[in-house]
Amino acid sequence: MAALPLATAEVCDANAHLIMNGELRALQPIFQIYGRRQVFAGPIVTLKVYEDNVLVREFLEEKGHGRVLVVDGGGSLRCAILGGNPVQQAQNNGWAGIVVNGCIRDVDEINGCDIGVRALNSHPMKANKKGIGEKHVPVTIAGTRICDGEWLYADTDGILISRTELTV
């Protein structure tokens with residue numbers, strides 16, 4: 001089920017207590033904005049890979065149910081771990097968004113999809129296909145520890161991670 005997208009700046013202003021106790025965290029502003037959906041939110045599914053996209057594709061072939069896939073690609077800038085075909089599948093399968101601590105490719109195709117995508121940058125080289133990685137594990141991206149089942153809220157101001165679903 002898709003979460004109600006919230007304005008991240010307003011969420012921060014209204015929830016100083018959650019920021020102070022660590023229940024609400026902002027990712028460092030290192031991500032580029034891709035995809036047609038600039039504002040998205042949902043429960044998080046985590047994945048840790050390095051220059052390998054087999055598990056990324058497997059996740060996005062599943063029904064998304066309004067979730068957000070958060071992929072810790074180790075910050076690699078040497079190849080893309082997400083491309084246009086899996087993003088189209090994610091859109092069709094009901095994923096709200098994908099956040100990649102790494103690179104993507106097929107940017108024009110991704111920008112045509114009705115899904116939110118954040119990544120460090122684009123790169124024309126494709127990833128390995130060995131299927132190595134860890135699913136549903138805590139990851140640390142952009143200075144923030146992110147756990148499976150937490151909530152992500154993204155808009156053009158930034159990305160917030162919350163331990164629980166937020167309401168207006």
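Helices (H or I, at least four residues) and strands (E, at least two) are DSSP runs, numbered from the N terminus. The model is predicted, so that local features require pLDDT of at least 70 and side-chain atom pairs count only at pLDDT 80 or more, whereas totals for chains, interfaces and linings use all residues. Residues are numbered from 1 along each chain as its sequence is written, and side-chain values use heavy atoms, with hydrogens and water left out.

**View 1. D106, an annotated position in the loop between β6 and α5.**
UniProt places the feature "binding site" at D106, in an unreviewed entry; UniProt positions follow the numbering used here, feature names are shortened, and annotations may be inferred rather than shown by experiment. D106 has a relative accessibility of 35% and counts as partly exposed (buried means under 20% relative accessible area, exposed over 50%, partly exposed in between, with a 1.4 Å probe and protein chains only). Leaving aside neighbours within four places in sequence, D106 is in contact with G83 and G84, where contact means heavy atoms within 4.5 Å. The side chain of D106 also reaches the backbone nitrogen of G84 at 2.9 Å.

**View 2. The annotated residues G83, G84, N85, P86 and R105.**
The "binding site" annotation of the unreviewed UniProt entry covers these five positions, G83, G84, N85, P86 and R105. They span 23 residues in sequence, yet no two of their C-alpha atoms are more than 10.9 Å apart, so they gather at one spot. P86 is found in helix α4 (residues 84–92) and is buried, with a relative accessible area of 3%. Beyond four places in sequence, P86 touches R57 and L60. R105, in contrast, sits in the loop between β6 (97–104) and α5 (107–111) and is partly exposed at 26% relative accessibility. With residues up to four places away in sequence not counted, the contacts of R105 include G83 and G84, as well as H123, P124, M125 and K126.

**View 3. The salt bridge between E150 and R25.**
A search of the whole structure finds 5 salt bridges, each defined as a side-chain nitrogen of Lys or Arg within 4 Å of a carboxyl oxygen of Asp or Glu. One of them joins E150 and R25, with the closest N and O atoms 2.9 Å apart. The pair links distant parts of the chain, 125 residues apart: E150 lies in the loop between β10 (144–146) and β11 (151–155), and R25 in strand β1 (residues 24–26). E150 is buried at 7% relative accessible area, and R25 is buried at 16%.

**View 4. The salt bridge between R78 and E51.**
The side chains of R78 and E51 meet at 2.7 Å, N to O. This pair, too, links distant parts of the chain, with R78 in the loop between β4 (68–72) and β5 (80–82) and E51 in the loop between β3 (40–48) and α3 (54–61), 27 residues apart. R78 is exposed, with a relative accessible area of 56%, whereas E51 is buried, with 8%.

**View 5. The largest nonpolar core.**
A nonpolar core is a set of buried Ala, Val, Leu, Ile, Met, Phe, Trp, Tyr and Cys residues joined through side-chain atoms within 4.5 Å. The largest has 25 residues, of which L69, L82 and I98 touch the most other members. The elements giving two or more residues to this core are β3, α3, β4, β5, α4, β6 and β7 (116–122), and α3 gives the most, with 4 residues. Among the residues touched by I98, with those up to four places away in sequence not counted, are F40, L60, L69, L82 and V117. A second, separate core of 18 residues includes L27, V99, I159 and I161.

**View 6. Strand β11 and its pairing with β3 and β12.**
β11 is mostly covered, 5 of its 5 residues being buried. W151, Y153 and D155 point one way from the strand, and L152 and A154 the other way. Two strands pair if DSSP finds at least two bridges between them. β3 and β11 pair in the antiparallel sense over 4 bridges, with L152 of β11 as the bridge partner of G42. β11 also pairs in the antiparallel sense with strand β12 (residues 158–162), over 5 bridges; here G158 of β12 is the bridge partner of D155. β11 and β12 form a hairpin with 2 residues between them.

Methods: A polar contact is a pair of N or O atoms within 3.5 Å; within protein, one must be able to donate a hydrogen and the other to accept it, and residues adjacent in sequence count only if both atoms are side-chain atoms.
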